[in-house]
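Visitor: I am new to this structure and would like to go through it slowly. Could you show it to me first, and then take my questions in turn?

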Amino acid sequence: VTATQAGTVILVADSNGDYDYYPVSSTLAITIGQSTPSISLTSTTSVDTIMVGSTLGITSTSIPPLPGGIIPSTGIVIFSVVSLGSGSATIGVQSGRLTALASGQVLVRGIQGPDVNYYQSSPASLTITIGAGPQTITFDLSSYSLVVEQVSTITATNNVIGGGTISYSVSSIGSGSATVDANTGQLTATGAGTVTLTAQAASNSNYNMAITSTQLVIGRSTPVLQILYPSEMTVGSITNAVTNTLAQYSGGGAVTFSIAGISASVDAHTGQITATRAGIITLVAQSAGDTNYYSATTNTLITIGRSTPSISLSSTTGLDNMAVGSTLSITSTSIPAAPGGTVPSAGSVIFSVTGIGAGSATIDPVSGLLRAITSGQVVVTGIQGPDVNYYQSTLGSLTITIGSGPQTITFDLSSYSLVVE
């Protein structure tokens, strides 16, 4: 008798009879009880290796008890997994779907529950070897736009938890340039053009190395241009404008200058300013730009204050001598403040005269008409009053030598009549 299912069977024994006996029949009730089957575990792909991050289906096969079992158990199989060393994984308790978490080895266990024919099965196991798996790192964009001097942190994202440390590097495509912090991905754009930013995730016990890249398109930026000097000048002064560009990676281009206002002039290339009148001007500085920077413009107000001119005195005849009793017109010439003054003072000139020794003369303080009184020398002085561009001038002087003049004697009549005695 081979028992194949649990239950009760009737065993019937018949004898056919012979010459001595009639046929006879007998029965026996046999009760067949549950037994303990076993199971075997395999993968659905028939392999016992898997990579971190991947999944593998584990399936079970019921093995009826020997030697006569032919009907497999229909009990529910429950799966579990334990680590062997560094390996780790999870498994669906009923589905048997194994997910590898860390490289090494794991032991998958399965046990089949009872059914009408069988008790719970004896446990089965399957060793799975987990190797390093792939990791994928990506940037959010295929290209990024920056401008020169811009600082920006661009990082790659790993698709796995526990992936390798990500490091960053840059390489130039043509004229572009940038620096990058290898650990943080903080970028500083240093040259206009195109740069490749590369991220590399290191390999570790669970994941193989991964690499990806993106492009950085670096455009020109507009630098800050400053005028540091001057803010004040005086009429007649000459000074050079001092500028400063905050462009860090190239000069930003040559700087040229211009002026708005009539009180000064400027050399467009050197920035030399000549103050000619009192007032306020606007000095404009403009950088030409270069491969990394656009043109930049800035301006500042310069206040030009009054200065002190001088004057020179001369006679209208060009002579510095005269005779007693004669007159001589004295004139003045305004001398603008050196070195750059070009506009003479329009202030009123007041004249005076002082004798040297025996010389004496008088002068009209406004017209400058000098009249010689006694021979000798006199000093004519003149001072020019202030105007919009100048303070009162320094004193000007002219020495005049007075010589003897003609004298005339006359009788009252051209003839007189007289008698003897």
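Visitor: Leaving aside neighbours within four places in sequence, which residues is Thr198 in contact with?
Guide: This is a predicted model, in which local features need pLDDT of at least 70 and side-chain atom pairs count only at pLDDT 80 or more, while totals for chains, interfaces and linings use all residues. Residues are numbered from 1 along each chain as its sequence is written, and side-chain values use heavy atoms, with hydrogens and water left out. Contact means heavy atoms within 4.5 Å, and once neighbours within four places in sequence are set aside, the residues in contact with Thr198 are Ser167, Tyr168, Ser169, Ile211, Thr212 and Ser213.

Visitor: Is Thr198 buried or exposed?
Guide: Thr198 has its place in strand 18, where strands are DSSP runs of E with at least two residues, helices are runs of H or I with at least four, and both are numbered from the N terminus. Buried means under 20% relative accessible area, exposed over 50%, and partly exposed in between, with a 1.4 Å probe and protein chains only. Because its relative accessible area is 19%, Thr198 is buried.

Visitor: What is the radius of gyration of the chain, and why does it count as more spread out than a compact globule?
Guide: The chain has 0 helices and 36 strands. The radius of gyration is taken over C-alpha atoms, and the globule rule is 2.2 Å times the number of residues to the power 0.38. For 421 residues that rule gives 22 Å, and the chain is well over this value, so it is more spread out than a compact globule, with a radius of gyration of 59 Å.

Visitor: What does the C-alpha trace span along its principal axes?
Guide: Ala3 and Val379, 376 residues apart in sequence, are 157 Å apart in space, C-alpha to C-alpha. Along the principal axes of the chain, the C-alpha trace spans about 245 × 30 × 30 Å.
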